[in-house]
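Hi,

Here is the structure I promised to pass on to you. Have a look at it first, and then read on for what turned up.

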Amino acid sequence: MKLICPECRRENEVERIYCHDCGARLDRSALLKEKSKEEPPEETQRRLKSMLNPQGAKMRHQIFVATKIILGAIILAALVQMLRTPDLPPAPAAAVSELPPQINLQLEDAMMAPPGGPGLRYTEAQVNAYLAYKLKSKQKAMSSYLQFERAVAGFEEGFARFTVERSLFGYSIFSAAKLAPRTAQGNLTAEIVGGQIGRLPVHPQIMKFTGFLFSDVAAALDRDRRSLAKLGVELHPQMVVVLPKRAAL
């Protein structure tokens, strides 16, 4: 850094007090400001000591390792929950001589029935027997990437749970959606209020983006869905009641 003479503008060495040419007194305040910007030696030593402190470095390393272990444990636990089999009703027996109820035809008849009728009552076993019968012939079409195994319906008060089982190399993967009946513009719809992958709960907001998990099954049951949209339902533990539209709550 050079000191500029305020009179003749000559550059002088920092050691000078008076100008080399004209002898005017030099302004040394700039030097004091420059020195004040420099880090004091004590502060430099303190900062280096904290950086090179072996105990602090060791603690930071331990915290980093512990964080990785915790995150790994959370991910592993989530994967285990995703691969666990949820509670499902048993699959219908393969050798059943009695045909399941023709729910699709009965729904179409209910659409033409007068209001105030008793409605149609189906147990979980009857609905699942119908699903197995209806989807059996379409199994290959629904197995583009994963082998489709079955679809299972479960009922509780005010809610239905629809679970799809698929398999990969002999290992089953389950995805489920929890649905609540809603009426929109006079038609019955189903709102997703929860879901699971295996036994791992999935937030309803995330479930809204998982329609691809059920799209092939929904396409296979589209005719039944359109019939239900023109009716009403009451959901009870292990039972669903289909009502004429005007009688639906």
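**Helix 8 and its surroundings**

In helix 8, the buried residues are Asp224, Ser227 and Ala229. They pack against three elements: helix 4, helix 5 (124–136) and strand 7 (187–197). Please keep in mind as you read that this is a predicted model.

Helix 4 covers residues 103–112 and helix 8 covers residues 222–229; their axes come within 9 Å and cross at roughly 25°. Angles under 35 degrees count as roughly parallel, so helix 4 is roughly parallel to helix 8. The crossing of these two helices is left-handed. On the helix 4 side, the contact is made by Asn104, Leu107, Glu108 and Met111, while helix 8 brings in Arg223, Asp224, Ser227 and Leu228.

Next comes an open sheet whose 3 strands follow the order 3-10-9, with antiparallel pairing. Strand 3 (120–123) and strand 9 (232–236) are the edge strands, each pairing on one side only. On average, neighbouring strands here are turned by 20° against each other, direction ignored. Strand 3 is joined to strand 10 (residues 239–243) by 4 bridges, and the two run antiparallel. Within this pair, Arg121 stands opposite Val241 of strand 10. Helix 4 turns up again at this point: it packs on the sheet, where it touches strand 3 and strand 10, and its direction makes about 155° with that of strand 3.

**Strand 5 and its two partners**

Finally, take a look at strand 5 (residues 159–168). How many of its residues are buried? The count is 7 of 10, so to speak a mostly covered strand.

Strand 5 runs antiparallel to strand 4 (residues 147–156), with 9 bridges joining them. Ala160 of strand 5 is the bridge partner of Phe155. The two strands form a hairpin with 2 residues between them, and Gly158 in the turn has a positive phi of about 85°.

Strand 6 (residues 171–184) is also joined to strand 5 by 9 bridges, and these strands run antiparallel. Here Phe162 stands opposite Ala177 in strand 6. Strand 5 and strand 6 form a hairpin with 2 residues between them; in this turn, Phe169 has a positive phi of about 55°.

Notes:
Residues numbered from 1 in each chain as written. Predicted model: local features only at pLDDT ≥ 70, side-chain atom pairs only at ≥ 80, totals over all residues. Heavy atoms only, no water. Axes fitted to C-alpha atoms, helices over the stretch in contact; angles between N-to-C directions. Parallel < 35°, antiparallel > 145°, perpendicular 65-115°, else oblique. Left-handed = near helix turned anticlockwise from the far one by under 90°. Contact = heavy atoms within 4.5 Å. Pairing = 2+ DSSP bridges. Buried < 20%, exposed > 50% of the residue type's maximum accessible area, 1.4 Å probe, protein only.
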